[in-house]
Amino acid sequence: QVRLEESGGGLVQAGGSLRLSCAASGRISSSAWFRQAPGKDREFVAAIRWGGGDTWYGNPAKGRFTIARDNAKNTMYLQMNSLKPEDTAVYYCAAEAGGRLEEPTYSSWGRGTQVTVSS
């Protein structure tokens with residue numbers, strides 16, 4: 001399994017932006033961002049296939065977040081704009097989908113990074 005490490009979380013005011021990074025220990029073919037708020041289920045945010053760069057977005061991310069990858073650095077990014085208090089959650093990166101990209105069936109997971117959006 002590939003090791004993943006997220007970074008870039010923090011506290012931001014509503015309307016602000018953050019960029020999350022996920023560094024992988026090796027090459028991967030697919031990866032995604034999920035998030036989990038207290039008391040809620042883990043939620044799909046965005047996914048990307050590294051070969052062709054195809055992307056998918058969950059409803060919370062559409063129009064505000066952008067997923068990208070740097071193959072040379074084995075690093076995935078999530079640019080988050082127009083942040084809202086309801087975006088507050090722990091954000092996890094995941095690699096190597098076991099099924100549909102929007103399902104949490106990935107073989108490798110990071111430890112997560114906290115994103116807090118104040119109103």
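Mentor: Arginine 35 is a buried residue with a relative accessible area of 7%, where buried means under 20% relative accessible area, exposed over 50% and partly exposed in between, with a 1.4 Å probe and protein chains only. The model is predicted, so local features need pLDDT of at least 70 and side-chain atom pairs count only at pLDDT 80 or more, while totals for chains, interfaces and linings use all residues. Residues are numbered from 1 along each chain as its sequence is written, and side-chain values use heavy atoms, leaving out hydrogens and water.

Trainee: Which residue forms a salt bridge with arginine 35?

Mentor: A salt bridge requires a side-chain nitrogen of Lys or Arg within 4 Å of a carboxyl oxygen of Asp or Glu. Here the closest N and O atoms are 2.8 Å apart, and the partner is partly exposed at 31% relative accessibility. That partner of arginine 35 is glutamate 43.

Trainee: How many residues apart in sequence are the parts that aspartate 87 and arginine 64 tie together?

Mentor: The side chains of aspartate 87 and arginine 64 meet in a salt bridge at 2.7 Å, N to O. Aspartate 87 lies in the loop between strand 8 (75–80) and strand 9 (89–95), and arginine 64 in the loop between strand 6 (55–57) and strand 7 (65–70), strands being DSSP runs of E with at least two residues, numbered from the N terminus. The parts tied together are therefore separated in sequence by 23 residues.

Trainee: Is arginine 100, which meets glutamate 102 in a salt bridge, buried or exposed?

Mentor: The N to O distance in this pair is 2.6 Å, and glutamate 102 is partly exposed at 32%. Arginine 100 has a relative accessible area of 52%, and therefore counts as exposed.

Methods: Helix = DSSP H or I, 4+ residues; strand = E, 2+ residues; numbered from the N terminus.
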